[in-house]
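Work through the exercises below with the sequence and the model in view. Each task is followed by a solution in steps.

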Amino acid sequence: MKIIGLLGGMSWESTSNYYKAINQGIKASLGGLHSAKICLFSVNFAEIESLQHQGDWQQTAEILSNAAKSVEAGGADCLLICTNTMHKVAEEVQRAISIPLLHIADATASTLLLDGVSTVGLLGTQFTMSQDFYKGRLAEHHGIDVIVPNETQQKMIHHIIYSELCLGEIKESSRHQYLEIIDDLYQQGAQAVILGCTEIALLLQQQDTQVPLYDTTQIHAASAVKFALHK
């Protein structure tokens, strides 16, 4: 079994879901008392969040690159950045290490294409929804059309992520607001919706809507399990 490297803490609530999902995946594959070999570096999210909103992505790249080097030095055979938004600096992090970085958008795209989804809605932080590092990768590398919420909706989604979900607060009113946006994306032609922030799965589950939802945490974790067990 290969060692899975994780860059977590963004936020720690969603990172705990990664840890659980990966270990569940290993147990489902191998049975018994098997669990995953994991090397985890968990950053202080307050530092990252401040730099994000200052627009200082170069400094976030340096923090994550140094953390990634520590994970590689700890024996990891691959690396996952346990957040969608910080894949904005995925290329810089990959250049800092020699082990492969398993990109969350690539893992998600593979699952979407396997299910025949060619047009998808995207929820996430405003960085993820408005900038091109994520939706552009889906479109250019995988041929998937991406529909995003309007600017007002994006601001509301972003606010709920940082002021509620990253703090572990789950509000029914916020769930209803998200579901209205999902319905809107579906009406615009989205065949499914990506939960493109690892915290959103804390708020929404598939039973909440008839629109197919793709939980990037679970998809990313499954890609790590597959890597770890590949002969």
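Helices (H or I, at least four residues) and strands (E, at least two) are DSSP runs, numbered from the N terminus. This is a predicted model, in which local features need pLDDT of at least 70, side-chain atom pairs count only at pLDDT 80 or more, and totals for chains, interfaces and linings use all residues. Residues are numbered from 1 along each chain as its sequence is written, and side-chain values use heavy atoms, with hydrogens and water left out.

**Exercise 1. Overall form**

Task: State how many helices and strands the chain has, and compare its radius of gyration with that of a compact globule.

Solution. Step 1: the chain contains 10 helices and 7 strands. Step 2: the radius of gyration is taken over C-alpha atoms, and the globule rule is 2.2 Å times the number of residues to the power 0.38. Step 3: for 231 residues a compact globule would have a value near 17 Å, and the chain agrees because its own value is 17 Å. Step 4: the C-alpha trace spans about 45 × 40 × 35 Å along its principal axes.

**Exercise 2. A helix pair**

Task: Describe how H8 and H9 cross, and find the residues that make the contact.

Solution. Step 1: two packed helices are described by the angle between their axes and the distance between the axes. Step 2: the axes of helix H8 (residues 151-163) and helix H9 (residues 172-187) come within 11 Å and cross at roughly 145°. Here axes are lines fitted to C-alpha atoms, for helices over the stretch in contact, and angles run from 0 to 180 degrees between N-to-C directions. Step 3: the crossing of H8 and H9 is left-handed, meaning that the near helix is turned anticlockwise from the far one by less than a right angle. Step 4: H8 brings Gln153, Met156, Ile157, Ile160 and Ile161 to the contact (heavy atoms within 4.5 Å), and H9 brings Ser174, Gln177, Tyr178, Ile181 and Asp184. Step 5: by class, this contact of H8 with H9 has 6 nonpolar, 3 polar and 1 charged residues. Ala, Val, Leu, Ile, Met, Phe, Trp, Tyr, Cys and Pro count as nonpolar, Asp, Glu, Lys and Arg as charged, and the others, Gly among them, as polar.

**Exercise 3. Two pockets**

Task: Give the volume of the largest pocket and of the second largest pocket, and name the helices that supply their linings.

Solution. Step 1: the largest pocket holds about 200 Å³ of space. Helix H5 (104-114) and helix H10 (216-229) each supply at least two residues of its lining. Step 2: the second largest pocket has a volume of about 160 Å³. Helix H4 (90-96) and helix H7 (132-142) each supply at least two residues of its lining, and H7 gives the most, with 6 residues. Step 3: the lining of the second largest pocket divides into 2 nonpolar, 4 polar and 5 charged residues.

Key
On a 1 Å grid over the protein atoms alone, a cavity is a set of points where a 1.4 Å probe fits but cannot get out, and a pocket is an open set with protein on both sides within 12 Å along at least five of seven lines; lining residues have an atom within 4 Å of a point. Grid points are joined across faces, edges and corners, and a volume is the space filled by probe spheres set on the points.
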